[in-house]
Amino acid sequence: MIVQIIKDIVSLSVISGILAVLMVLAQKWLSNYGDCKIDINGKRELTVKGGNNLLSSLGDKQVFLPSACGGRGSCGACKCKVISGGGPLLPTEKPLLSAAELKEGDIRLACQVKVKSDIHIEIPASIFNIRRYNATIAEIIDYTYDIKGVLFKFEPGDKIDFLAGQYVQLETQPYAKVKQKVVRAYSISSKPEMNDALQLIIRLVPEGICTTWVHQYLKVGDKVSMTGPYGEFYIRDTEADIIFVAGGSGKAPIKSMLEHLAVVGCNRKMTYFFGARTVKDLYLTEEMQSFEQVFPDFSYVPVLSSPEAGSWNGKTGFVMPYFKEVVRDAKQTEAYLCGSPGMINAVTKALIELGVPKDKIYYDSFG
Amino acid sequence: MKETPKERRVRSRMQPGVITLNGFLGKDKRTLNEIIETDERELQSLNRTAEDLVQRMQGFTDASFESFTNSVLLEDIYEVETEVVRGKLPCPFAHSGLVRKTITTLTNRKKNLTVRWTALNIHLIKEHHFFEGKGSTFRLDPTSLVAALFD
């Protein structure tokens, strides 16, 4: 009886062992897709090792699609057109695609598409300008109690080509309890003409992994990586009057735009409303006011919603009631907004009521 | 009760430094199920449901959303402000999509109580009846929350 049991155990062990070996071999054979070709826009071909997702395969070849979640399939930022070779749409993609995109049929999340064969995709040509940059922290400035300006100097000879208003994605390093890298988007606050370095304005976010790293761990001399530039928020080359509106760290892209316009010259009528809560939330005020001497028709208007008694002689409340004082011809006015979605909604509504065309209101909404 | 592999995966996403700096569990050593069931029982004893709370919290958040740098006074009792910061967060239970980073602060002037919650708190309570572990930064104690939200 005991001998029989031992025999059975041995037989089962041998069978299990054989099955395990077969599974390992099958895994090796079945998941070996060899080299695959990625055809981009019918103009560029990349050869990659099959088996990885499209987002990381492209990234390995220095083609960077935007991604806010690091390829976890939760942000939907890495959408691209997959013409062929992408396999069926996955259940993980559907919730992040709009009805129109689902109807179109070939919009996919690059992080969810596995490259198993040759694949043909279409992405905006501007994506090719996105690169990875290695930089050293050259300067950290405390603008307010919770906002810092950080200057990143690229490696010698490296330069970035961006439009004022665009953003980069900064990669954190593991620190303290944070064991993995995260990637976060920040608007560039320096002018494009300074292309061997760039500045970001970063506000400390409660529980924020990246902002805590920047505010409490980063120091001058540290090495960091980022990718960019990304985004469609940039100054349109027209003669229209401009209203800028920003709040908090939303000042970053507007600062970049103004510094750029100061270099190239600009005669347009421009008014910049900066909304903040109290005097201690104001920063770079003198720098912004100095543009009044640079441009022929520019004014900087800080507006405080809750100034402490006796601390403020300027404008108070919301920024919207002051728009009518500066709008000359609403149809010939553009607006550039950067801040919280609540601010963007309220400002957009007020501008449309004044007659500013909706398609001339450009914004970078936090998030 | 022993944790399932799925619960273990969720728990790992709730650790400090994965989605948020300090995570969702604080110093709580209980299983997710225990945390959720305990809070559900507490809510039941208060004659409230998670849906009641979510409706109220979402209503206050929405009402204060567009006053971006100011607080609003609602129902003559509730002083509410919602701050939106850059970025979005995923749900640790792996729901698809991202939740905007907002912090709503509500002061019940009548009872002199203040509570604060995030958009992710609303999602976690609505979809998972999860109020976070004890000691976590955005833990919402059901009794305190009910006291502040209802007259």
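1. A quick definition to start: two strands pair if DSSP finds at least two bridges between them. Strands themselves are DSSP E runs of at least two residues, and helices are H or I runs of at least four, numbered from the N terminus.

2. Please keep in mind that this is a predicted model, in which local features need pLDDT of at least 70 and side-chain atom pairs count only at pLDDT 80 or more, while totals for chains, interfaces and linings use all residues. Residues are numbered from 1 along each chain as its sequence is written, with chains lettered from A and ligands numbered from 1 in the order in which they are written.

3. Chain A holds an open sheet of 5 strands with mixed pairing, in the order β2-β1-β5-β3-β4. Within chain A, β3 (residues 79–84) and β5 (residues 119–122) run antiparallel to each other over 3 bridges; V82(A) stands opposite I121(A) in β5(A).

4. An automatic or database assignment sets the domain bounds: chain A has domain 1 (35–127), domain 2 (130–230) and domain 3 (241–365). The C-alpha centres of domains 2 and 3 of chain A lie 24 Å apart, and their contact takes 17 residues from each. Contact here means C-beta atoms, placed from the backbone, within 7 Å. On the domain 2 side, strand β10 (residues 197–203) of chain A gives the largest share, 4 residues.

5. Finally, 35 residues of chain A are in contact with 23 residues of chain B. The largest share of chain A's side, 5 residues, comes from α7(A).

Key: Two residues are in contact if their C-beta atoms, placed from the backbone, lie within 7 Å.
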